[in-house]
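Subject: Handover of a structure

Dear colleague,

Please find below the structure that I am passing to you. My notes on what was found in it follow directly after.

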Amino acid sequence: MTDSIVKITASPHVRSADSTIRIMWSVVISLVPVIAASIYFFGPSAIFVLLASVAGCLLTERLFGSTPGSLADGSAMITGLLLGLTLPPGFPLWMAFLGAGFGMAFGKIIFGGLGQNIFNPALVGRAFLQAAFPVAITTWPAKTQHWWTLQGDNFALPFMSPVVDAATAATPLGNLKFGDDPVVTPLLDLFMGTTGGSLGETSALLILLGGLYLAWRGHLNWHIPLSIFVSAFAVSGLFYTLGISQFPPMFMLLSGGMMLGAFYMATDMVTSPITNKGCWLFGFGIGFLVVVIRIWGGLPEGVMYAILLMNALVPFINRATQPRLFGTSGKKKEADNE
Amino acid sequence: MRTTTPSQDFIRGIWDENPVLVQMLGLCPALAVTNSVKNALAMSAATFFVICCSSVLVSSCKRFIPNEVRISAYILVIATFVTLADMLLQAYAPVQHKELGAFMALIVVNCMILGRQEAFASKNNPFRSLLDAVGTGIGFTIALLMMGGFREILGTGAFLEYSLFGPNFEPWVIMVLPAGGFLTLGFILLAMGYAEHRKKANEIVNEQVKTAL
């Protein structure tokens, strides 16, 4: 960066009202209904888990973020919210805080901060928590009688196991895959969000609304979620009709973290491909991997790993889908190699 | 040609040129068998034995080893001592031997040992080679104990199987898995890089202060 006040760049000059800050905060706004729903469904536990996760992200960014003012652009806030929304409501707060710090530090800051990261930081944090505390992160509490009761041992002491025994219930996905008498949860319940699950993944309707708002504002590339849904629907439909899997295609789309992942995690501008063609490839890959992991994997859910795996492939997708340079001969490649 | 003193030969390998943390050699055992302090200790002991014996032998026989086949000759020497260590461990600590499994035999291809033969033992007298090997072996032990301690404490809440935090400790399962090895090594290297960075920055400031005065 030069210190010159006047920045001279080559044309064309495009003016846009969008800035990192505006985009990030409109993502936060679009998450408000989802957050409200999680508080409505899971009570104060949801607030605590979200706060712990956001605090972990903000603190890490403040301590280790290299560029001054990187706290204000809201990206750390989003990472915290998104990570919090993928955690179960009864999750101990110290684990949420730790995962948020890990995700920020090793998913983002270590690569050089916003715009440099390969993987979605929120998912890096969650993958760490999944590997470190596999029991706590797959314990979903049953519906409590009163709204204000905690959903589990949120206030377990740091480094200590949760001790309060809450009644647990299976998520729709877990029930169908591992349950004693597997039931396909009614699609309406999945759509409205009156099922068990992680904080933000239950209500497909609200995520869809937030996602459409962002797509309308142009802050997310709608090709990505659409291609994920198309490929997940097609692949799971194929396996379902062949009788290989027990997941009906619509159930596949509405259950688990599919909606949240497709709209908010996979579309992360930094970690998704540049061209639309690349986005289709990326989305197809995610949809396919989700179905494969859900059917044959050891865990009921596969959205997180599917997105992280495809994140790793983004540089290759970008290279493969480079738009053709007009006005050059087809022999450019050979010239490059020499 | 040689510019180091015997004490430097000894000290160097312990920290300044630590085989694992600075030279990045012998990473395979450092990542694979450090999920508990006990395994790390057993591995360090075996490696220590092998590196000392082979350094002395290679250094004393260096006149008889033809230059063209020296690497194969080193490997042969090392493999002999690894077999010895393997059998000794199997005889006296069969449980530990089972824990280490294939990594015991893999000491043969530990680049740290081969590196010391090629870079030092083949050019120096047996006494100096022994000093150098002991220093490197201690450095290797320190690195493995650091990693093993970190991983065992976080991964099981215990040190040498002695529980530190009581039964309620929530183990970080990831730390005893292979991924934990990479994470731990990364953490340690990060901390060392940071310390080095700080040291250099301080030196620059000190110099500037000196010239300003």
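Met24(B) counts as partly exposed, because 14 C-beta neighbours lie inside 10 Å and the class runs between the limits of 12 or fewer for exposed and 20 or more for buried. Please note that this is a predicted model. Met24(B) is placed in the loop between α1 (6-12) and α2 (27-32) of chain B. Its phi is near 60°, a positive value in a residue other than glycine. Most residues other than glycine have a negative phi.

Glu161(B) also has a positive phi, near 65°, and is likewise a residue other than glycine. Its place is in the loop between β1 (158-159) and β2 (162-163) of chain B. With 10 C-beta neighbours inside 10 Å, Glu161(B) counts as exposed.

A further loop residue of chain B is Ser122(B), found between α7 (111-121) and α8 (126-156). Ser122(B) is partly exposed, since 19 other C-beta atoms lie within 10 Å. If its neighbours within four places in sequence are left aside, Ser122(B) is in contact with Val58(B), Lys62(B), Arg70(B) and Gln117(B). Of these, Arg70(B) is 52 residues away from Ser122(B) along the chain, yet 9.1 Å separate the two C-alpha atoms.

Chain B also touches chain A: nine residues of chain B are in contact with nine residues of chain A. On the chain B side, these residues comprise seven nonpolar, one polar and one charged.

I turn now to chain A. The domain assignment divides chain A into domain 1 (18-169) and domain 2 (170-321). The centres of the two domains, taken over C-alpha atoms, are separated by 20 Å. Domain 1 contributes 32 residues to the contact and domain 2 contributes 31 residues. On the side of domain 1 that touches domain 2, α1 (20-42), α2 (44-64), α3 and α5 of chain A each supply at least two residues. The largest share of that side, eleven residues, comes from α1(A). By class, the side of domain 1 has 23 nonpolar, eight polar and one charged residues.

Two helix pairs in chain A deserve a description. From α5(A), the contact involves Leu123(A), Arg126(A) and Ala127(A), and from α13(A) it involves Met304(A), Ile307(A) and Leu308(A). These residues divide into five nonpolar, no polar and one charged.

In the second pair, helix α3 (residues 75-85) and helix α4 (residues 93-107) of chain A pack at an angle of about 135°, with axes 10 Å apart. This makes α3(A) oblique to α4(A). The crossing of α3(A) and α4(A) is right-handed. On the α3(A) side, the contact is made by Ala76(A), Thr79(A), Gly80(A), Leu83(A) and Gly84(A); on the α4(A) side, by Ala96(A), Gly99(A), Ala100(A), Gly103(A) and Met104(A). The residues of this contact divide into five nonpolar, five polar and no charged.

With kind regards

Definitions and conventions:
Residues are numbered from 1 along each chain as its sequence is written. Chains are lettered from A and ligands numbered from 1 in the order in which they are written. This is a predicted model: local features need pLDDT of at least 70, side-chain atom pairs count only at pLDDT 80 or more; totals for chains, interfaces and linings use all residues. Two residues are in contact if their C-beta atoms, placed from the backbone, lie within 7 Å. Helices (H or I, at least four residues) and strands (E, at least two) are DSSP runs, numbered from the N terminus. Ala, Val, Leu, Ile, Met, Phe, Trp, Tyr, Cys and Pro count as nonpolar, Asp, Glu, Lys and Arg as charged, and the others, Gly among them, as polar. Axes are lines fitted to C-alpha atoms, for helices over the stretch in contact, and angles run from 0 to 180 degrees between N-to-C directions. Angles under 35 degrees count as roughly parallel, over 145 as roughly antiparallel, 65 to 115 as roughly perpendicular and the rest as oblique. A crossing is left-handed if the near helix is turned anticlockwise from the far one by less than a right angle, and right-handed if clockwise. Domain bounds come from an automatic or database domain assignment.
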